[in-house]
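This report covers selected local features of one model and the nonpolar cores. The sequence and structure come first.

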Amino acid sequence: MKIALFPGSFDPVTKAHVDIVKRSIGLFDKVYIGIGVNSSKAGFLSVETREKMLRAVFEHEPKIHVIAYEGLTVSFCQSIGATYMIRGIRTVSDFEYEKAIAQMNHALVPDIESIFIVSKPGYSSISSTIVREIMRHNGDVAQFIPKEALAYL
């Protein structure tokens, strides 16, 4: 069984995240969306809210499983039997960063392969960081967020 993890903070989930997940579904038997929890960093949305939001977005997709985790992502991959890690690439700087992380992960656990999926051009400027900033200033983020997630903001 091909099992993959798509890790991230998803704070909040964006249409760009959804696009990467939907494009990865056909490649794997099971895709975990892993909400990485950093206990020393307060998120904009609670982990529970992010879990509910992601479950609402993917409720009709049986291959998708949403779960929060703490610790090393490669260790979490091992705990769920994932041998692939999905990463979305929007820009050249994303690639450089993700390449370094993938190489470190491979040094730690050689059996886990990183799969890079390049963002569609229309989504390359969308990031959770920018969406949070718009939200902090009471801007309308509806065009950047899946409609199923809007109720959780």
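In which helix does Lys-15 lie? Lys-15 is part of helix α1, residues 15-24; helices (H or I, at least four residues) and strands (E, at least two) are DSSP runs numbered from the N terminus. The model is predicted: local features need pLDDT of at least 70, side-chain atom pairs count only at pLDDT 80 or more, and totals for chains, interfaces and linings use all residues. Residues are numbered from 1 along each chain as its sequence is written, and side-chain values use heavy atoms, with hydrogens and water left out.

Beyond four places in sequence, the contacts of Lys-15 (heavy atoms within 4.5 Å) include Tyr-123, Phe-144 and Pro-146. Lys-15 and Ser-127 are 112 residues apart in sequence, with 9.3 Å from C-alpha to C-alpha.

Accessibility classes are buried (under 20% relative accessible area), exposed (over 50%) and partly exposed in between, with a 1.4 Å probe and protein chains only.

| Residue | Relative accessibility | Class |
|---|---|---|
| Lys-15 | 28% | partly exposed |
| Phe-10 | 1% | buried |
| Asn-138 | 73% | exposed |

Phe-10, in the loop between β1 and α1, has a positive phi of about 50 degrees without being a glycine. Pro-12 is found in the loop between β1 and α1 and is joined to Asp-11 by a cis peptide bond, omega about 5 degrees. Asn-138, in the segment after α5, has a positive phi near 60 degrees.

A nonpolar core is a set of buried Ala, Val, Leu, Ile, Met, Phe, Trp, Tyr and Cys residues joined through side-chain atoms within 4.5 Å. The largest has 29 residues, and Val-13 is among those touching the most other members.
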